[in-house]
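Subject: A structure to look through

Dear colleague,

I am passing on the structure below, together with some notes on what was found in it. Please open it beside this message and follow along as you read.

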2 protein chains.
Amino acid sequence: MSSTIAAPVSLDEKLAAAKRASIALATATTDRKDTALRAIADGVLAASAEIIAANELDLANGRENGLSSGLLDRLSLTPARLQGLADAVLQIVGLADPVGQAVRGSALPNGVHITQVRVPFGVVGAIYEARPNVTIDIAALAIKSGNAAVLRGGSAAIETNRVLVGVIQQALASTGLPADAVQTIDEFGRDGAAQLMKARGLVDVLIPRGSADLIRTVVTESTVPVIETGAGVVHVVLDESAREDWAVDIVRNAKVQRPSVCNAVETLLVHRSAADRLLPPVLAALTEAGVTIHADERSLPYAADASTTSVPATDEDWATEHMSLDIAVKVVDDLDEAIEHIRRYSTQHTESIITNDLANAERFLAEVDSAVVMVNASTRFTDGGEFGFGAEVGISTQKLHARGPMGLPELTSTKWIVRGSGQIRG
Amino acid sequence: MSSTIAAPVSLDEKLAAAKRASIALATATTDRKDTALRAIADGVLAASAEIIAANELDLANGRENGLSSGLLDRLSLTPARLQGLADAVLQIVGLADPVGQAVRGSALPNGVHITQVRVPFGVVGAIYEARPNVTIDIAALAIKSGNAAVLRGGSAAIETNRVLVGVIQQALASTGLPADAVQTIDEFGRDGAAQLMKARGLVDVLIPRGSADLIRTVVTESTVPVIETGAGVVHVVLDESAREDWAVDIVRNAKVQRPSVCNAVETLLVHRSAADRLLPPVLAALTEAGVTIHADERSLPYAADASTTSVPATDEDWATEHMSLDIAVKVVDDLDEAIEHIRRYSTQHTESIITNDLANAERFLAEVDSAVVMVNASTRFTDGGEFGFGAEVGISTQKLHARGPMGLPELTSTKWIVRGSGQIRG
């Protein structure tokens, strides 16, 4: 834990300090921001003993409070994980700085030049739970994009986050940037989170990370604009003309490669004319990988024939993000029924159709209204890294500002620069 | 008034119908949408007697309820204004359709092609007051950008809006588009507005138009994402090196050309070393144009010398959008004080500096965080038409999604189209 003892500061004072610090961050050069990021990476490694000691306090409290093993695992920092965090910060050093990029511009007929340029939001707020890696991650992304960050990391990780924020603040100060540019408000508990959500004017955008419940709370209670990185009830459709090898490979990859993430498939919709041909090999491949099939009435016989571990699908299954080796399977009459099902149950994250029918492919791409719509590819490709953005800012499931995988530019706003020579409007 | 009698429909049913209609709008061709817009323009002119009769009812109610003359004027539709509305719709026909535009794209190393394309939001909600022109305006912009629109136009214009929406719906139906794509919810009164603000999932974005109070209410109460088109407490700074002719021309233009709009200047900040040289001619020009000067202590003597109509400025003046021939004037010690004043009082709409000092110009452009920041140009240029966007969607004063003058593309979201040939993630 940090050895400096500061006078107690109110939440409002902290937010005002972050706003002030954001002015310096907004005009800091890329070189200076990168120097600060390198200092953070170094600091995380140099302070690893202190960080792990604080983390052990959090883990002990977590065990006492009956935290699930999944949460405890997410909360836990090891030397290897700290190395991973430091590496991730250095990777952000390598990304292009979005601040100052010209988005578009023109010369007006009267000789006035207008240019739209990227500028930082100002202060980015983050609300998350039991994920100390997010503290480093969001802070580094915010600094690179010229934003200050106010972090509410939750009570379960309070000791770890306090030390991590101390490391970040020391790194900022050592490079001449204001330490207040990254702050934790964990000490204010749930009240602090509630105040952060109402801090319109002091906080420019709020990013919730965590359970569907947490995200729903932030989205409905916040008066600060929110970027929603929501859940993925992701669909794969096997059309009548789907190639068998692609169907097997893509469904298996989309479900099995990393079942706990939002771009993993949750529901498989199979054209009834393709069921005889495709369901046996697809279900066999899933079974071999240990997947439990939640089968609707029409797919249940195939599941039984393939000796799968299967249960009858319930209505709830269609709306569930399992995040585990479970998949819901439904036989549909046609593409209309598939699209209608998706419209009803999808969280509008990612959907993919496996087909060789051009008209159906184009119809699927046009009519399915999700952040990412695919033909003949694994839903696991919905990812900032895979898309070539370099950084993992999250995947937006909202329609305003950013949709789908987000890169550093999505952490910026824009402003218009207008250069005249005395022009007035006629 | 419309002669058809429809069965009463609940607000939820209306929103659900708009959502359904939005699916057809989203995939409608530009040709079909343009045909509908031409039919609206024709319909407005053909129904002008009916529209004006309904408008007279609203005006009579307004007079009875003591509506201000300004509001009554805004509410009033004349044959000339209807012609103007029809012309504005035809102008939107001439704009490029943003739907389907590719924003960016690439081929991934594995052969997967990704393209980010513009898609409609879905359902756009609008909340406004006593402005029947907005009914036609928003409906036309929504249709062109492939969105359905749900309109809450306020009780003062209820009769006029009912007829206008009838005209729009007939035009939609006549071109094979769903009439439900544009709906009014005025019949549900204030409850309707409150429900609209909570209709997350059914309404994709909400645009408030009207008083600062109305916008504040929508921004703080809505769980639907909002695009804020806010007030303009706009500043012009006269730097030490400002050219006198530009100072006079730009300040006069920015204040006088159209004082009732959001890009008109409200506060003039004058470098103390420029006050002797610039304030006399600038104040004389403003006085000649009938402007009342709200002068701070240091500018008051200049105002008296120039025989202006002047009053001492109060603290309130700095935060006021007068929307009239009033301007607040303050002498500042230096650029720091000017920027600090702007940071404190600006609504982050538009600020302009008149200067011949390159370093000061660049500093102003970099450090002032407003939607539009200018050097040596009139603040009146902050306008979609002037920027070459063709349409007047509004001027966003928020940082998320859109900032500054908005064109049709700002009424769209995006989605990623991914085309593969069996690729899976390794």
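In UniProt, an unreviewed entry lists residues 12–291 of chain A as "domain: Aldehyde dehydrogenase". In the model, which is a predicted one, this span is 54% helix and 16% strand, and the C-alpha atoms at the ends of residues 12–291 of chain A lie 49 Å apart.

Turning to chain B, you could look at helix 8, which covers residues 189–197 and in which B:G192, B:A193, B:L196 and B:M197 are buried. When helix 8 of chain B is viewed down its axis, these buried residues fall within an arc of 135 degrees, and so they line one face of the helix. What covers the buried residues of helix 8 of chain B? The covering parts of chain B include helix 1 (11–26) and helix 9 (212–221), along with strand 3 (123–128), strand 4 (148–152) and strand 6 (205–209).

The largest cavity holds about 260 Å³ of space, and of the 18 residues that line it, the closest to its centre are A:V224, A:P225, A:V226, B:P225 and B:V226. The lining of this largest cavity divides into 10 nonpolar, 6 polar and 2 charged residues.

The second largest cavity holds about 30 Å³, and its lining is made up of A:V237, A:L238, A:D239, A:H271, A:V332, A:D334, A:L335 and A:A338. By class, these are 5 nonpolar, 1 polar and 2 charged residues, and strand 7 (234–238) and helix 13 (335–345) of chain A each supply at least two residues of that lining.

Finally, there are two backbone angles to check. Most residues other than glycine have a negative phi. A:M323, however, has a positive phi of about 60 degrees although it is not a glycine; A:M323 sits in the loop between strand 10 (309–312) and strand 11 (326–332) of chain A, and with a relative accessibility of 36% it counts as partly exposed. A:Q348, also not a glycine, has a positive phi near 60 degrees; A:Q348 lies in the loop between helix 13 and strand 12 (350–354) of chain A, and at 29% relative accessibility A:Q348 counts as partly exposed.

With best wishes

Notes: Residues numbered from 1 in each chain as written. Chains lettered and ligands numbered in written order. Predicted model: local features only at pLDDT ≥ 70, side-chain atom pairs only at ≥ 80, totals over all residues. Heavy atoms only, no water. UniProt positions renumbered as here; feature names shortened; annotations may be inferred. Helix = DSSP H or I, 4+ residues; strand = E, 2+ residues; numbered from the N terminus. Buried < 20%, exposed > 50% of the residue type's maximum accessible area, 1.4 Å probe, protein only. Arc of directions from axis to C-beta. Contact = heavy atoms within 4.5 Å. 1 Å grid on protein atoms, 1.4 Å probe; cavity = no way out; pocket = protein on both sides within 12 Å on 5 of 7 lines; lining within 4 Å. Points joined across faces, edges and corners; volume = space filled by probe spheres on them. Nonpolar A, V, L, I, M, F, W, Y, C, P; charged D, E, K, R; others polar.
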